[in-house]
Amino acid sequence: MKFLKNYLCLFISFIILFSSFSVLAENITVDFNKININVNGKKVEGNNILYNDRTYVPLRAISEMFLKEVLWNGETNTVDINSFEGFYFKGNSIGKMGDLNIYSDEYKLFEQITSSTLKI
């Protein structure tokens, strides 16, 4: 009788142990690079993931294509995305876009990053 009781306790312990692992090991289905992503006509270089009707994109690649600075703080696990405010270009003014002056160096940087031309 003691043997049967020990065997039953061991069996129940295994059932509980292995059933908890199956709950922790959830499988998900994702699609890699199923979506084509372009920013201003230029293809985003980097992998994207499609999961539950949501597209997850490479944050740094997208942000930099919009001329944003991306900073990583490993101590706080934080990504900061900043505009280049206070960043001044040298060169001659080559035109206006709205109320903003466009400078030759700024135009060259835009073309280099986006592989497209700026319509002034």
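**Figure 1. Overall fold of the predicted model.** Along the sequence, the protein chain runs α-β-β-β-β-β-α-β-β-β-β-α. This amounts to three helices and nine strands, taken as DSSP runs numbered from the N terminus (helices: H or I, at least four residues; strands: E, at least two). The model is predicted, so local features need pLDDT of at least 70 and side-chain atom pairs count only at pLDDT 80 or more, while totals for chains, interfaces and linings use all residues. Residues are numbered from 1 along each chain as its sequence is written, and side-chain values use heavy atoms, with hydrogens and water left out. Of the 120 residues of the protein chain, 12% are buried; buried means under 20% relative accessible area, exposed over 50%, and partly exposed in between (1.4 Å probe, protein chains only). Accessible areas come from the Shrake-Rupley method with a 1.4 Å probe, and for residues only the protein chains shown count as cover. Contacts are heavy atoms within 4.5 Å. Among contacts between residues at least 6 apart in sequence, 14% join residues at least 24 apart.

**Figure 2. Surroundings of N48.** N48 sits in the loop between β3 (42-43) and β4 (49-51). N48 counts as buried because its relative accessibility is 4%. Its side chain reaches the backbone oxygen of I35 at 2.8 Å. This is a polar contact, meaning a pair of N or O atoms within 3.5 Å; within protein, one must be able to donate a hydrogen and the other to accept it, and residues adjacent in sequence count only if both atoms are side-chain atoms. Leaving aside residues up to four places away in sequence, N48 touches D31, F32, N33, K34, I35, I37, T55, Y56 and V57.

**Figure 3. V39 in strand β2.** Strand β2 (residues 38-39) contains V39, which is buried at 7% relative accessibility. Beyond residues up to four places away in sequence, V39 touches V44, I62, M65 and F66. S63 lies 24 residues from V39 along the chain, and the C-alpha atoms of the two are separated by 10.0 Å.

Figure 4. The model has one salt bridge, defined as a side-chain nitrogen of Lys or Arg within 4 Å of a carboxyl oxygen of Asp or Glu. Side chains of opposite charge can pair when their charged atoms come close. Here the side chains of E64 and R60 meet at 3.3 Å, N to O. Both residues belong to helix α2 (residues 59-65), four residues apart, or about one turn of the helix. E64 is partly exposed at 36% relative accessible area, and R60 is partly exposed at 39%.

**Figure 5. A nonpolar surface patch.** L59, W72, V79 and I81 make up the patch, which has about 380 Å² of accessible area together. Patches are made of residues with over 30% relative accessible area and no salt bridge; like charges are joined within 9 Å and nonpolar side chains (Val, Leu, Ile, Met, Phe, Trp, Tyr) within 5 Å. V79 lies in strand β7 (residues 78-82) and is partly exposed, at 37% relative accessibility.

**Figure 6. Two loop residues with positive phi.** Most residues other than glycine have a negative phi. N40, in the loop between β2 and β3, has a positive phi of about 50° although it is not a glycine. N77 is located in the loop between β6 (69-73) and β7, and its phi is also positive, near 50°. N77 is exposed, with 58% relative accessibility.
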